[in-house]
Amino acid sequence: MQLHQLGLELALADVHPELTLWWQQATSADTASDQADDRLLLGLSTFWRQWSSLSFVERQHLQVRRSALVFSAEDQAALQQATQQGSRHQLVQRLVPGYANHDQLQQQLARLLSLAEQPWPALRTTTLRPGERAKAVSRVRERLQLLGDLSAAEAETDPSYYDSRLEQGVRQFQLRHGLQVDGVIGPHTYAWLDAPPLTRAQLLMRSMLRTLIGDTLPSAYLLVNIPEYRLRLYQDQAMVLESDVIVGKDSRKTPIMASEITNVVVNPPWHVPRSILTKDILPRLYQDPDYIEREDFEVLDAGERVVPREEWQARLYEEGGFPYRLRQRPGSRNALGAYKFHLPNNDAIYLHDTPSRGLFSRDSRALSSGCVRVEEAEQLALWLLSEQWSPARLADLKSSRHTRWLRVNKPLPVFMVYWPGWLGPDGLPRFRDDIYQFDRSLNPPFVAGQQRPLLAHNGQLL
């Protein structure tokens, strides 16, 4: 029944305890009834109405758990009329969310819930590398087959041998989970191999809800998926640029936000935020007084005067104070690189280039103080300024090291989203670490003694 399937999806997402309870009552043998179905239908209708009124940020944080699901008189009258006319299915059909690939989602949920019915023992043991032999190899091979990263094959001549075919499956698994794609089964790979299927289904559903960022999208926009460490630029529904990014560490999170790029700053100076100055730079100065000059900083007082070294040193070391600001000059050491992409917001968050290119090779890139570092910053700048600046002119400006604020002809909307799960082009789920622990404690939708729903291959409940 489609109604029960829609209820299951929201129960898996654990977005509202009443919705989960009503789904349980509508699908459990002891409590199933027409009245329970009516209550679930009205609850779903009320939930989606409330969802439509949420802001972008509220949707990303799934801020619906505490809202009261009060049935409207309109919904109750519509349900009564539909029941009399035999058209309840039409009401249910209107509740189907606008996921881009709902059929594939239902298929994957069916697969994961089926896997949740069987034992899922932890596999984690010593690190395994291609060419090695270990008892755990056969269990890893079986796990990858269950998850869809390795096709079932003829019997292995040596089940304990980590062969090239298994390595290919491990690499596919690592790619799907944003891990270092090296074929080495270490702690991070084991952690995802051991993630229970029900947990996977719940993470996927919560992320799919977050993909419903708005009723309409602009013709061109930038999407930064924080836990994926990935940026994508879309124009007329086609992706025209993709880039790895570095986001804020857990203690200095990149905020969920919707803004727009209004200016590209070429050769930007870096005005060091007071928090970074206090927490990171001042402690270093006590150990390394040459740090400021070596990193090409200027010390400024309240009147924008450049403070000589002997003056700020005397104040810092003798009086224990530093009532100054730091500004890093444009150049090869500048923390913002050659480009800054200005976003009007109250958190001083923006996108920028970086001289630390080697950090993009890491699989975990929650490393910044909140702003987003973009690997393909120059390509993004060229796209934003293509109507005003040729690549040659922009290159000349960059090499001059003079700071220029260049206004974008049409501000580009930017959405910072939090999707640790989604469906890939092959229909298999992609997962990423929940780096900010938004989904760390989830309530399972099934109560003790409740029979799990059976699903057909098309994801519909049987």
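**View 1. Helix α8 passes helix α9 in a left-handed crossing.** A crossing is called left-handed if the near helix is turned anticlockwise from the far one by less than a right angle, and right-handed if clockwise. This is a predicted model, in which local features need pLDDT of at least 70 and side-chain atom pairs count only at pLDDT 80 or more, while totals for chains, interfaces and linings use all residues. Residues are numbered from 1 along each chain as its sequence is written, and side-chain values use heavy atoms, with hydrogens and water left out. The axes of α8 (residues 136-147) and α9 (residues 164-176) come within 10 Å and cross at roughly 55°. That makes α8 oblique to α9. On the α8 side, the contact (heavy atoms within 4.5 Å) is made by Val137, Val140, Arg141, Leu144 and Leu147; α9 brings Leu166, Gly169, Val170, Phe173 and Arg176. Sorted by class, these are seven nonpolar, one polar and two charged residues. Here Ala, Val, Leu, Ile, Met, Phe, Trp, Tyr, Cys and Pro count as nonpolar, Asp, Glu, Lys and Arg as charged, and the others, Gly among them, as polar. Helices (H or I, at least four residues) and strands (E, at least two) are DSSP runs, numbered from the N terminus. Axes are lines fitted to C-alpha atoms, for helices over the stretch in contact, and angles run from 0 to 180 degrees between N-to-C directions. Angles under 35 degrees count as roughly parallel, over 145 as roughly antiparallel, 65 to 115 as roughly perpendicular and the rest as oblique.

**View 2. Helices α1 and α7 are roughly perpendicular to each other.** Helix α1 (residues 2-13) packs on α7 (residues 102-115) at an angle of about 70°, with the axes 12 Å apart. α1 passes α7 in a left-handed crossing. Gln5, Leu6, Leu8, Glu9 and Leu12 of α1 meet His102, Gln106, Leu109 and Leu113 of α7.

**View 3. The largest nonpolar core has 67 residues.** Such a core is a set of buried Ala, Val, Leu, Ile, Met, Phe, Trp, Tyr and Cys residues joined through side-chain atoms within 4.5 Å. Strand β12 (residues 404-417) gives the largest share, seven residues. Met416 touches residues including Phe56, Val224, Leu343 and Val372.

**View 4. Glu295 sits in the loop between α13 (291-294) and β6 (297-300).** Glu295 counts as buried because its relative accessibility is 17%; buried means under 20% relative accessible area, exposed over 50%, partly exposed in between (1.4 Å probe, protein chains only).

Definitions and conventions: Lists of a residue's contacts leave out its neighbours within four places in sequence.
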